[in-house]
Amino acid sequence: MENCLFCKIISNEIPAYKIYEDDDFLAFLDISQTTKGHTLVIPKKHYRNIYDVDEDTVAKIHQLAFKLAKQITKKLNAQGVNILNNNEAIAGQTIFHYHVHIIPRYRDDDKISIVFNENIDSNIEETYHILK
Ligand code: AMP
Ligand code: ZN
């Protein structure tokens, strides 16, 4: 898609440290390197995010992310890994080409923190009735 940074990485208009490529998917190092080995996995076909992408692509990208996450963990001697995906700006999406982050975690890394704070205003009963 025009003016999409990740589409330009796919077509080699913009360079990237590509660590995996097949006909449908590409994995490359995230420029921020939040932790050593921070990687993005993307489909070669442009989708905005999960509200746009088809189920088959989601299944395949997660299968690939799962495989790469284990390889990256092993090769870089990480102690764990976060696999995550942001959808829409409110959720932290900044590049609107569907992607999955692989973020290896190391003892004492302090560049990323994922904290689930308690929300005392939440009404879990009401939410349960809406979602069940
Ligand atoms: P998100 O915030 O989930 O949309 O993630 C977008 C990610 O793309 C961020 O982690 C950026 O660091 C990363 N990024 C932006 N530009 C580039 C680039 N040219 N090469 C590699 N990663 C990039
Ligand atoms: Zn794109």
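## Close-up views of a predicted model with ligand 1

**Figure 1. Make-up of the shell around ligand 1.** The residues of this shell divide into eight nonpolar, seven polar and one charged. The model is predicted. In total, 16 residues surround ligand 1. The closest are Asp30, Gly92, Thr94, His99 and His101. The space that ligand 1 takes up is the largest pocket. Two elements, α1 (5–10) and β2 (25–29), each give two or more residues to the shell. The largest share is that of α1, with three residues.

**Figure 2. Polar atom pairs between the protein and ligand 1.** Aspartate 30 has a side-chain N or O atom 2.5 Å from an oxygen atom of ligand 1. Histidine 99 places a polar side-chain atom 2.8 Å from an oxygen atom of the ligand. With isoleucine 31, the backbone takes part: one of its N or O atoms lies 3.1 Å from a nitrogen atom of ligand 1. Taken alone, ligand 1 exposes 500 Å². The protein buries 83% of that area. Both aspartate 30 and histidine 99 are listed among the closest residues.

**Figure 3. The chain as a whole, for orientation.** The chain has 132 residues, and 33% of them count as buried. Its secondary structure comes to three helices and five strands. Along the sequence, these elements follow the pattern α-β-β-β-α-β-β-α. Along the principal axes, the C-alpha atoms fill a box of roughly 50 × 35 × 25 Å.

Figure 4. Histidine 38 is found in the loop between β2 and β3 (39–43). Is this residue buried or exposed? Histidine 38 counts as buried, because its relative accessibility is 3% and the cut-off for buried is under 20%. The side chain of histidine 38 forms a polar contact with the side chain of threonine 34. The distance is 3.3 Å.

**Figure 5. Asparagine 49 and its partner glutamine 93.** Asparagine 49 lies in the loop between β3 and α2 (55–75). The residue has a relative accessibility of 1%, so asparagine 49 counts as buried. Which side chain does its own side chain contact? The partner is glutamine 93, through a polar contact of 3.1 Å.

**Figure 6. Positive phi at glutamine 33.** Glutamine 33 sits in the loop between β2 and β3. Its phi is near 45°, a positive value in a residue other than glycine. Glutamine 33 has a relative accessible area of 31%, so the residue is partly exposed. Histidine 38 is found in the loop between β2 and β3 as well.

Figure 7. Asparagine 3 lies in the segment before α1. With a relative accessible area of 67%, asparagine 3 is exposed. The cut-off for exposed is over 50%.

Notes
Residues are numbered from 1 along each chain as its sequence is written. Chains are lettered from A and ligands numbered from 1 in the order in which they are written. This is a predicted model: local features need pLDDT of at least 70, side-chain atom pairs count only at pLDDT 80 or more; totals for chains, interfaces and linings use all residues. Side-chain values use heavy atoms; hydrogens and water are left out. A residue is near a molecule or strand if one of its heavy atoms lies within 4 Å of it. A polar contact is a pair of N or O atoms within 3.5 Å; within protein, one must be able to donate a hydrogen and the other to accept it, and residues adjacent in sequence count only if both atoms are side-chain atoms. Accessible areas come from the Shrake-Rupley method with a 1.4 Å probe; for residues, only the protein chains shown count as cover. On a 1 Å grid over the protein atoms alone, a cavity is a set of points where a 1.4 Å probe fits but cannot get out, and a pocket is an open set with protein on both sides within 12 Å along at least five of seven lines; lining residues have an atom within 4 Å of a point. A molecule sits in a cavity or pocket if more than half of its atoms lie within 2 Å of its grid points. Helices (H or I, at least four residues) and strands (E, at least two) are DSSP runs, numbered from the N terminus. Ala, Val, Leu, Ile, Met, Phe, Trp, Tyr, Cys and Pro count as nonpolar, Asp, Glu, Lys and Arg as charged, and the others, Gly among them, as polar. Buried means under 20% relative accessible area, exposed over 50%, partly exposed in between (1.4 Å probe, protein chains only).
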